[in-house]
Amino acid sequence: MAAQSSVEDQLRRVPKEAWINLAIGVVAIIVLVRLWRGLRQNNEYAPSIAATFTAGVLFLTMVYYRNEPKFLTPLVEPLTSFFPTKAKQDSDLERLRRSRE
């Protein structure tokens, strides 16, 4: 009979980085809930405005750096012709430098 590993042995095999990421995620959720409740006490619409602003900044950052998840690529790809991207910005700067020389 093959020896079955216990749950404790399986948990010991999980890398420390995974536990650190889990702890950071839990702390982030706690901070977000407290922030949401604090904003909610000030104004009923403040949490929604803050969430919309944050989502917009994150989305524009994904468009600029092109580090979006694969499932968002069909949504981001058409926007790259309208919004600036880092690659286009770098090529424009390089073209300006070459024209000055």
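I'm working on a predicted model, where local features need pLDDT of at least 70 and side-chain atom pairs count only at pLDDT 80 or more, while totals for chains, interfaces and linings use all residues. Residues are numbered from 1 along each chain as its sequence is written, and side-chain values use heavy atoms, with hydrogens and water left out.

**Entry: the nonpolar patch**

I started with Val26, which lies in helix α2. For helices I use DSSP runs (H or I, at least four residues; strands would be E, at least two), numbered from the N terminus. Val26 has a relative accessible area of 43%, so I put it down as partly exposed.

Which residues form a nonpolar patch on the surface with Val26? I listed Val7, Leu11, Val14, Trp19, Leu22 and Ile30 beside it, and together the patch has about 630 Å² of accessible area. Two elements give two or more residues each: α1 (7–12) and α2. Helix α2 gives the most, with four residues.

My rule for patches: the residues have over 30% relative accessible area and no salt bridge, with nonpolar side chains (Val, Leu, Ile, Met, Phe, Trp, Tyr) joined within 5 Å and like charges within 9 Å. The areas come from the Shrake-Rupley method with a 1.4 Å probe, and for residues only the protein chains shown count as cover.

**Entry: the largest pocket**

On a 1 Å grid over the protein atoms alone, a pocket is an open set of points with protein on both sides within 12 Å along at least five of seven lines; a cavity is a set where a 1.4 Å probe fits but cannot get out, and lining residues have an atom within 4 Å of a point. Grid points are joined across faces, edges and corners, and a volume is the space filled by probe spheres set on the points.

The largest pocket holds about 150 Å³ of space. Its lining is made of Leu32, Leu35, Trp36, Leu39, Pro47, Ala50, Ala51 and Thr54. Helices α2 (16–42) and α3 (46–65) each supply at least two of the lining residues.

How many of the lining residues are nonpolar, polar and charged? I get seven nonpolar, one polar and no charged. For that I count Ala, Val, Leu, Ile, Met, Phe, Trp, Tyr, Cys and Pro as nonpolar, Asp, Glu, Lys and Arg as charged, and the others, Gly among them, as polar.

I took a closer look at Leu39, which sits in helix α2. Leu39 is partly exposed, at 25% relative accessible area. Its C-alpha atom is 8.8 Å from that of Ala50, eleven residues away along the chain.

**Entry: salt bridges**

Side chains of opposite charge can pair when their charged atoms come close. I call it a salt bridge when a side-chain nitrogen of Lys or Arg is within 4 Å of a carboxyl oxygen of Asp or Glu. By this rule I count eight salt bridges.

Glu77 pairs with Arg66, with the closest N and O atoms 3.1 Å apart. This pair links distant parts of the chain: Glu77 is in the loop between α4 (73–76) and α5 (86–100), Arg66 in the loop between α3 and α4, eleven residues apart. Glu77 is partly exposed at 42%, and Arg66 is partly exposed at 32%. I also noted the phi of Arg66, near 55 degrees, a positive value in a residue other than glycine.

Lys88 and Asp92 form another salt bridge, closest N and O atoms 3.9 Å apart. Both lie in helix α5, four residues apart, about one turn of the helix. Lys88 is partly exposed at 47%, and so is Asp92 at 22%.

Glu94 bridges to Arg98 at 3.4 Å between the closest N and O atoms. They are four residues apart in helix α5, so about one helical turn separates them. Glu94 is partly exposed at 33%, whereas Arg98 is exposed at 59%. Salt bridges that share partners join Arg66, Glu68 and Glu77 into one network.

Last, I checked Phe59, placed in helix α3. Phe59 is partly exposed, with 22% relative accessible area. Its C-alpha atom is 44 Å from that of Ser5, 54 residues apart along the chain.

Key: Buried means under 20% relative accessible area, exposed over 50%, partly exposed in between (1.4 Å probe, protein chains only).
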